[in-house]
Amino acid sequence: MAMLEEQLKVLKTTFDKYAGKDGDKGSMSKAELADLLREEFPGMAGDKKELAAFFTGLDGDKDGKVSFPEFVQFAATLLLMLMSQM
C-alpha cells in the first residue's frame, strides 16, 4: 500500500505543478493540460484538435476542466496501456 500512496503523491505533485495557473488550483484548464503534456509527455501533446479531443475525454463530468480524480483516471489508463505493450 505504501507504494500506491507514494505514486498518488507523485501524481498529486505533478497535477499541482500545472493546475491553478489559470486561477482554480483544484482543476486543470485545457491550456494547463497542454503545458503538462508538453513538459511531462513530449510527443503526446499533439495538435490543437487532438488536444481538444483528449481534454474532452478526460473531462468526465463535462464541466470544462480536469479535476484531480479525472487526472488520476487518465494516469491509470495510461499505465494500463503501457503495461499491455510489455
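**Helix packing, core and aromatic pairs in a predicted model**

Apart from neighbours within four places in sequence, M28 contacts F15, Y18, A19, L33, L36, F55, K65, V66 and F71, contact meaning heavy atoms within 4.5 Å. The model is predicted, so that local features need pLDDT of at least 70 and side-chain atom pairs count only at pLDDT 80 or more, whereas totals for chains, interfaces and linings use all residues. Residues are numbered from 1 along each chain as its sequence is written, and side-chain values use heavy atoms, with hydrogens and water left out.

M28 also belongs to the largest nonpolar core, which has 16 residues and in which M28, L33 and F71 touch the most other members. Such a core is a set of buried Ala, Val, Leu, Ile, Met, Phe, Trp, Tyr and Cys residues joined through side-chain atoms within 4.5 Å; buried denotes under 20% relative accessible area, exposed over 50%, and partly exposed the range in between (1.4 Å probe, protein chains only). Two or more residues of this core come from each of α1 (2–18), α2, α3 and α4 (68–84). Helices (H or I, at least four residues) and strands (E, at least two) are DSSP runs, numbered from the N terminus.

Helix α2 spans residues 30–40 and helix α3 residues 48–58; their axes come within 10 Å and cross at roughly 105°. Helix α2 is therefore roughly perpendicular to α3, a class that covers angles of 65 to 115 degrees. Axes are lines fitted to C-alpha atoms, for helices over the stretch in contact, and the angles, from 0 to 180 degrees, are taken between N-to-C directions. On the α2 side the contact involves K30, L33, A34 and L37, and on the α3 side L51, A52, F54, F55 and L58. These residues comprise 8 nonpolar, no polar and 1 charged.

Within helix α3, L51 is buried at a relative accessible area of 11%. Its C-alpha atom lies 8.6 Å from that of L33, 18 residues away along the chain. The buried residues of α2 are E32, L33, A34, L36 and L37, and their cover includes α1, β1 (27–28), α3 and α4.

The structure contains 5 aromatic pairs, defined by ring centres of Phe, Tyr or Trp (its six-membered ring) within 6.5 Å; planes under 30 degrees apart count as stacked, over 60 as edge-to-face and the rest as tilted. F15 and F68 form an edge-to-face pair, with 5.4 Å between centres and 70° between planes. As F15 lies in helix α1 and F68 in helix α4, the pair ties together parts 53 residues apart in sequence. F15 is buried, with a relative accessible area of 0%, and F68 is buried at 19%. The pair of F41 and F74 is also edge-to-face, with centres 6.2 Å apart and planes at 85°. F41 is in the loop between α2 and α3 and F74 in helix α4, so this pair ties together parts 33 residues apart in sequence. F41 is partly exposed at 28% relative accessibility, whereas F74 is buried at 7%. Ring pairs link F15, F41, F54, F68, F71 and F74 into a cluster.

K62 is not a glycine, yet has a positive phi of about 55°. Most residues other than glycine have a negative phi. K62 is exposed, with a relative accessible area of 57%.

How values were computed. Parallel < 35°, antiparallel > 145°, perpendicular 65-115°, else oblique. Nonpolar A, V, L, I, M, F, W, Y, C, P; charged D, E, K, R; others polar.
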